[in-house]
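Here is a short briefing to read alongside the picture. Take your time, and look for each residue as you meet its name.

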Amino acid sequence: DLLKLVNTKNHGELGFHLRALKGLIEQKSSKEYHLTHKGLLAANLLDDVSIILSRTTQDLLHSPIRYVQSLAFGDHAFLSSDSETSTKDICFSYLRAGLTKGEAAVFFAREQRLDSYVHEIKQHGINAEYIDEGALVIMPAEEWYINKGKAHAQTIITNWTKLLKAKQKAKFPGLRGAGQMDVFFDHAKTRELLTYERMLGKSFTDNWCGLCIYDDSRLDERRFRQMVAFHGHVISKDIAYKLT
């Protein structure tokens with residue numbers, strides 16, 4: 001199969017190049033080769049170059065998926081979408097970008113969808129080994145944000161600090177987090193949510209990046225403006241931009 005893909009019949013030449021790619025690929029059996037973590041990173045970089053060459057800078061600026069992939073430590077982003085499909089595509093691309101750079105990642109998903117997200121996230125090119133090795137953690141949003149029916153902004157941020165330190169102790173350079181924030185609305189904790197979002201962006205800089213996910217239907221105009229004010233980046237299914 002590999003010989004056909006590279007359009008050659010020379011087994012020796014192919015073998016030479018496979019050996020040269022040591023560290024990027026690994027041989028699972030006599031007939032199976034797999035990309036290593038470094039190999040996945042290299043493949044993603046090649047994809048990035050291909051996309052950059054085929055699209056203009058202006059297109060890249062406003063492409064939500066490309067935009068979230070470029071988010072870095074210190075960024076606090078607000079994602080609002082009315083489409084679950086686009087939300088997953090954007091969120092999983094954001095997590096994948098961090099994982100391929102060696103960052104730790106955590107995703108706080110709605111509890112009723114947790115199992116399906118674990119399955120779907122693998123379909124977006126995120127290797128199961130990231131979960132097995134602790135690089136990626138997927139937890140119920142209700143468990144993280146709400147404790148016994150209460151939501152304390154300072155407690156949540158303290159837990160973020162502890163999680164970040166634990167990942168740094170495990171030799172990760174930092175933490176990339178994403179959370180589905182509608183759980184605050186489910187528990188009538190809008191005031192606590194506003195306090196939390198106001199504090200969150202000021203609490204982490206060098207080693208943390210956050211993507212706060214909202215369902216459009218849960219945001220009226222006033223809430224939307226408030227969320228925009230608390231974040232440095234605004235993203236929807238159609239456009240993304242940095243606030244000045």
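What percentage of the 244 residues in the chain do buried residues make up? The answer is 43%. Keep in mind that this is a predicted model. Let's begin with the whole chain and then move on to its rings, its core and a few loop residues.

**The chain as a whole**

- The chain has 13 helices and nine strands.
- Along the principal axes, the C-alpha atoms fill a box of roughly 65 × 40 × 30 Å.
- The accessible surface of the chain is about 13,700 Å², and carbon and sulfur atoms account for 53% of that surface.
- Take the contacts between residues at least 6 apart in sequence: 74% of them join residues at least 24 apart.

**Strand E4, a covered strand**

- Strand E4 covers residues 104–109, and six of its six residues are buried.
- Which residues of E4 are buried on each side? Ala104, Val106 and Phe108 are on one side, while Ala105, Phe107 and Ala109 are on the other.
- E4 runs parallel to strand E6 (residues 175–180), and five bridges join them. Within this pairing, Ala104 stands opposite Leu175.
- E4 also pairs with strand E5 (residues 136–140), again in the parallel sense and over five bridges. Here Val106 stands opposite Val137.

**The nonpolar core**

- In soluble globular proteins, nonpolar side chains tend to be buried together.
- The largest nonpolar core in this model has 63 residues. Those that touch the most other members are Leu95, Phe107, Tyr145, Trp160, Tyr196 and Ile235.

**Pairs of aromatic rings**

- How many aromatic pairs does the model have? Counting rings whose centres lie within 6.5 Å, there are 14 aromatic pairs.
- Phe78 and Phe224 make an edge-to-face pair, because their planes are at 65 degrees, with the ring centres 5.4 Å apart. Planes over 60 degrees apart count as edge-to-face.
- Phe78 belongs to strand E3 (residues 76–81) and Phe224 to helix H13 (residues 221–230), so this pair ties together parts that are 146 residues apart in sequence.
- Tyr145 is buried at 3% relative accessibility, and Tyr196 is buried at 1%.

**Arginines over rings**

- Arg113 lies over the face of Tyr117, 4.9 Å from the ring centre.
- The charged end of Arg223 is placed over the ring of Phe185, at 4.4 Å from its centre.

**Residues in the loops**

- Most residues other than glycine have a negative phi.
- Lys148 is not a glycine, yet its phi is positive, at about 55 degrees. Look for Lys148 in the loop between H9 and helix H10 (153–169), where it is exposed, with a relative accessible area of 80%.
- Lys171 also has a positive phi, near 80 degrees. Lys171 is in the loop between H10 and E6, and it is exposed, with a relative accessible area of 74%.
- Arg110 is in the loop between E4 and helix H7 (114–122). At 15% relative accessibility, Arg110 counts as buried, because the cut-off is under 20%.
- What is Arg110 in contact with, leaving aside its neighbours within four places in sequence? The residues are Ala141, Glu142, Gln180, Asp182, Val183 and Asp186.

Key: Residues are numbered from 1 along each chain as its sequence is written. This is a predicted model: local features need pLDDT of at least 70, side-chain atom pairs count only at pLDDT 80 or more; totals for chains, interfaces and linings use all residues. Side-chain values use heavy atoms; hydrogens and water are left out. Rings of Phe, Tyr and Trp (its six-membered ring) pair if their centres lie within 6.5 Å; planes under 30 degrees apart count as stacked, over 60 as edge-to-face and the rest as tilted. Helices (H or I, at least four residues) and strands (E, at least two) are DSSP runs, numbered from the N terminus. Buried means under 20% relative accessible area, exposed over 50%, partly exposed in between (1.4 Å probe, protein chains only). A charge sits over a ring if NZ of Lys or CZ of Arg is within 6 Å of the ring centre and within 35 degrees of the ring normal. A nonpolar core is a set of buried Ala, Val, Leu, Ile, Met, Phe, Trp, Tyr and Cys residues joined through side-chain atoms within 4.5 Å. Two strands pair if DSSP finds at least two bridges between them. Contact means heavy atoms within 4.5 Å. Accessible areas come from the Shrake-Rupley method with a 1.4 Å probe; for residues, only the protein chains shown count as cover.
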